[in-house]
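A short report will do.

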Amino acid sequence: MAEMVKLYIDGKEVEVPKGTTILEAAQKLGIYIPTLCYHPDLRPTGACGICVVEVEGAPTPKRACCTPVTEGMKVTTNSKSLRELRKGIIELLLSDHHVDCPSCPANEKCELQSLANYLGVDMNALPKILERKPLDETSIAIVRDPNKCILCGRCIIVCNELQTVSAITYTNRGFEAHVDTFFSMGLGNSSCVNCGQCTVYCPTGALTEKSEIDMVWDAILDPDKHVVVQEAPALRATLGEEFGMEPGTVTTGKMYAVLKKLGFDVVFDTNFAADLTIMEEANEFVQRVKNGGPLPLITSCSPGWIKFMETFFPDIAKHVSTCKSPQQMFGALAKTYYAKEAGVDPSKIVSVSIMPCTAKKYEARRPEMRDSGYQDVDYVLTTRELVRMIKEAGIDYKNLPEEEADELMGMYTGAGTIFGATGGVMEAAVRTAYWMITGRNMEKVDLKVVRGIEGIKEAEVDIDGLKVKVAVAHGLGNARELLTKVRKQLEETGESEYAFIEIMACPGGCVGGGGQPKGSDFARRARRGEGLYKEDKSLRYRCSHENPAIKRVYEKFLEKPGSEIAHKLLHTYYFKRNIVSGEAIEEVTHKH
Amino acid sequence: MKREEILQKYTPELENILFILHDLQDNNPQHYLSKEDLEAVANYLNVPYSYVHGVATFYSMFSLKPRGKYIIRVCESPACHLMGSSNIIYELAKLLGIGIGETTSDGLFTLELSSCLGVCGVAPAMMINDEVYGNLTPEKIRQIIEEKRRER
């Protein structure tokens with residue numbers, strides 16, 4: 001039993017374990033203390049000072065987020081002087097802030113905006129001292145606007161501690177202090193892997209995706225273009241909550257309907273490509289098991305993870321599956337298989353993908369992702385961008401009648417849908433690898449041991465007597481920890497205890513992706529994941545190899561998993577990258 | 001001294017980062033830390049590149065831009081201010097044809113401001129590299145600069 005401490009907040013008695021902060025104790029009582037830099041997923045830093053409270057006997061107010069409780073402490077959370085202090089902080093922040101709320105991508109999600117509103121701040125209390133600084137637009141995926149940064153430091157903690165990428169840090173001091181990359185080279189010339197977690201945790205519009213909305217509208221409205229769209233698994237478990245539904249509500253039918261309404265010519269589904277990825281990856285796994293490696297096989301669906309691997313772990317590249325991500329498999333097929341089947345000129349096809357991800361923007365523009373003869377995926381929108389488009393078009397998402405996806409590349413199984421949650425790719429691959437090895441389906445396809453929000457999960461899977469040790473890591477900090485262990489095992493003995501490893505760059509998997517709505521915490525990510533598992537359970541087919549559309553694509557076009565044409569279109573190779581600049585140095589694996 | 005030799009003088013522990021940065025900067029004839037310097041420090045101490053950048057920009061004694069042979073630091077603390085440091089800054093800027101934070105095109109002088117130099121008794125004061133000059137007047141400034149120009 002932890003030692004308990006009794007204290008009084010606004011006259012109410014509360015008992016909490018020693019080490020609890022005043023903020024946590026207040027939350028337990030249901031007392032609201034306004035916060036700005038604080039986030040439940042992250043270590044508190046006390047950077048902003050909004051959460052100040054009065055402690056009896058203390059000469060100055062204390063920051064509730066990082067002050068531990070003491071026995072008998074008497075705390076006041078609301079007084080005239082506290083309100084003035086808090087207001088003063090917001091006024092100072094606003095005096096140095098580019099306030100363009102109506103057109104800001106963070107509008108309605110901005111914690112500075114809502115706090116200013118909540119505290120009744122006078123916008124013109126202080127004169128503007130903002131000197132407009134240039135935006136960092138060097139990255140394909142992420143834009144940094146220093147004029148909206150409030151120096152809360154969340155992005156720095158996320159980048160350095162949660163993701164261990166360390167692309168950004170505090171630079172200079174005092175009035176000159178700002179968030180910057182090494183030698184101010186810009187995100188696009190840094191070790192940034194485009195995971196976009198900073199854009200999810202940023203409380204304002206200082207970090208956002210590089211928007212492609214205008215290009216997509218142009219393509220939709222161009223009568224000469226044939227616009228094909230795919231949506232990632234996580235989308236269906238997220239869109240609803242942006243339109244007033246419970247987090248984790250799965251709205252697949254509404255998602256298709258809204259895309260048709262927005263004017264996309266053909267609405268397919270990335271889940272189809274996820275099933276295809278499983279066919280190729282499970283086959284690769286089975287081949288590697290049969291042919292003596294190299295094992296472990298590590299998944300390759302997460303482009304943030306891929307750039308991370310190329311930057312920090314290029315020595316294990318041969319362990320990473322050669323499979324492209326579902327987005328890129330889809331892209332390569334849209335301009336070949338679909339073009340052929342539908343009789344559409346591939347040069348007229350504009351391939352759009354909607355992803356919970358910012359790294360997908362970077363992935364789509366990798367020079368090697370042109371196996372169809374064109375850029376396989378033309379534009380990538382994040383969940384946030386799609387939400388903006390839906391609002392722009394004035395569509396009432398919540399009350400939209402459900403529709404179906406178009407068939408050829410729209411049909412999917414439960415295995416495809418769970419790709420969006422951590423552990424899902426592993427579970428889906430095991431279902432199909434089992435079938436490939438034994439010729440029959442698993443009796444119980446649920447692999448619950450690899451589900452859930454724990455950072456690193458391990459399990460032993462029994463494939464008809466063949467015992468396989470697997471591991472799942474999500475969040476790049478966890479990935480680094482697991483891979484450092486694997487690297488050591490490989491160096492020391494030439495083999496690892498694991499045969500198969502799934503890695504996702506973002507905490508929670510794609511449902512917690514860097515393109516997902518701002519402000520979501522681990523708890524909400526877990527609920528979205530549960531939504532996907534619920535959909536998996538409700539579907540007629542739950543294994544990728546059962547998908548009729550997958551059977552058809554192999555019959556008509558790809559022959560069989562691992563065939564020559566499958567390798568040409570669906571597999572890729574990796575580079576070693578400069579840790580300072582992120583530039584590719586040399587190929588470390590090669591295309592077959 | 002070569003960069004590697006300087007690094008090797010210190011154990012690769014984070015607590016040495018400021019000593020290493022100072023040593024590297026002092027051994028550079030242009031008194032600054034290059035991108036390559038910061039990269040080497042990060043590699044040597046096994047810390048992120050951005051971290052070293054953050055440290056090097058936090059302290060005003062470090063520069064990431066090449067500076068002159070002579071770095072003039074005029075004290076801007078209250079005592080010197082009351083004794084007329086702004087006239088001194090004005091005179092220096094006029095004489096050298098540069099603003100604060102800039103370097104003359106011949107690479108000889110860089111003009112900077114400094115917090116208290118601890119010699120308030122001889123205010124207004126400034127430093128040129130490691131040497132302190134006090135009781136400054138515009139006339140004295142002209143003599144000092146002329147002297148330094150002759151020394152080059």
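In this predicted model, 11 residues of chain B are in contact with 12 residues of chain A. Contact here means C-beta atoms, placed from the backbone, within 7 Å. On the chain B side, helix H3 (35-45) and helix H4 (49-58) each supply at least two residues. H4(B) gives the most, with seven residues. By class, this side of chain B has five nonpolar, four polar and two charged residues. Nonpolar covers Ala, Val, Leu, Ile, Met, Phe, Trp, Tyr, Cys and Pro; charged covers Asp, Glu, Lys and Arg; the others, Gly among them, are polar.

Residues are numbered from 1 along each chain as its sequence is written, while chains are lettered from A and ligands numbered from 1 in the order in which they are written. Local features need pLDDT of at least 70 and side-chain atom pairs count only at pLDDT 80 or more, whereas totals for chains, interfaces and linings use all residues.

Helices (H or I, at least four residues) and strands (E, at least two) are DSSP runs, numbered from the N terminus. Strands pair if DSSP finds at least two bridges between them. Two strand pairs are set out below.

| Strand pair | Bridges | Direction | Facing residues |
|---|---|---|---|
| E1(A), residues 4-9, and E2(A), residues 12-17 | six | antiparallel | A:Leu7 and A:Val14 |
| E1(B), residues 70-75, and E2(B) | six | parallel | B:Arg73 and B:Glu112 |

The chain A pair is a hairpin with two residues between the strands. A:Asp10 sits in its turn, with a positive phi of about 50 degrees.

The chain B pair belongs to an open sheet of four strands, in the order E2-E1-E3-E4, with mixed pairing. Strand E2 (109-114) and strand E4 (131-133) are the edge strands, each pairing on one side only. Neighbouring strands of this sheet are turned by 25 degrees against each other on average, direction ignored. Helix H6 (residues 85-96) of chain B lies across E1, E2 and strand E3 (126-128). H6(B) runs at about 155 degrees to E1(B). Axes are lines fitted to C-alpha atoms, for helices over the stretch in contact, and angles run from 0 to 180 degrees between N-to-C directions.

Chain B is assigned domain 1 (3-58) and domain 2 (70-151). Such bounds come from an automatic or database domain assignment. The two domain centres, taken over C-alpha atoms, are 28 Å apart.

Back in chain A, helix H9 (residues 270-290) packs against helix H11 (residues 326-342) at an angle of about 100 degrees, with axes 8 Å apart. H9(A) is therefore roughly perpendicular to H11(A), a label for angles of 65 to 115 degrees. H9(A) contributes A:Thr270, A:Ala273, A:Ala274, A:Leu276 and A:Thr277, and H11(A) contributes A:Pro326, A:Gln327, A:Met329 and A:Phe330. The contact has six nonpolar, three polar and no charged residues.

How enclosed is helix H4 (residues 154-162) of chain A? Seven of its nine residues are buried, so H4(A) is largely enclosed by the rest of the structure. Buried means 20 or more other C-beta atoms, placed from the backbone, within 10 Å of the residue's own. Among the buried residues are A:Arg154, A:Cys155 and A:Leu162. Their cover includes strand E7 (168-171), helix H5 (197-201) and helix H16 (476-493) of chain A. Just after H4(A), A:Thr164 takes a positive phi of about 50 degrees.

A:Phe312 lies in helix H10 (residues 303-312) of chain A. A:Phe312 counts as buried because it has 20 C-beta neighbours inside 10 Å.

How values were computed
Two residues are in contact if their C-beta atoms, placed from the backbone, lie within 7 Å. Angles under 35 degrees count as roughly parallel, over 145 as roughly antiparallel, 65 to 115 as roughly perpendicular and the rest as oblique. A residue is buried if 20 or more other C-beta atoms lie within 10 Å of its own, exposed if 12 or fewer, and partly exposed in between; C-beta atoms are placed from the backbone.
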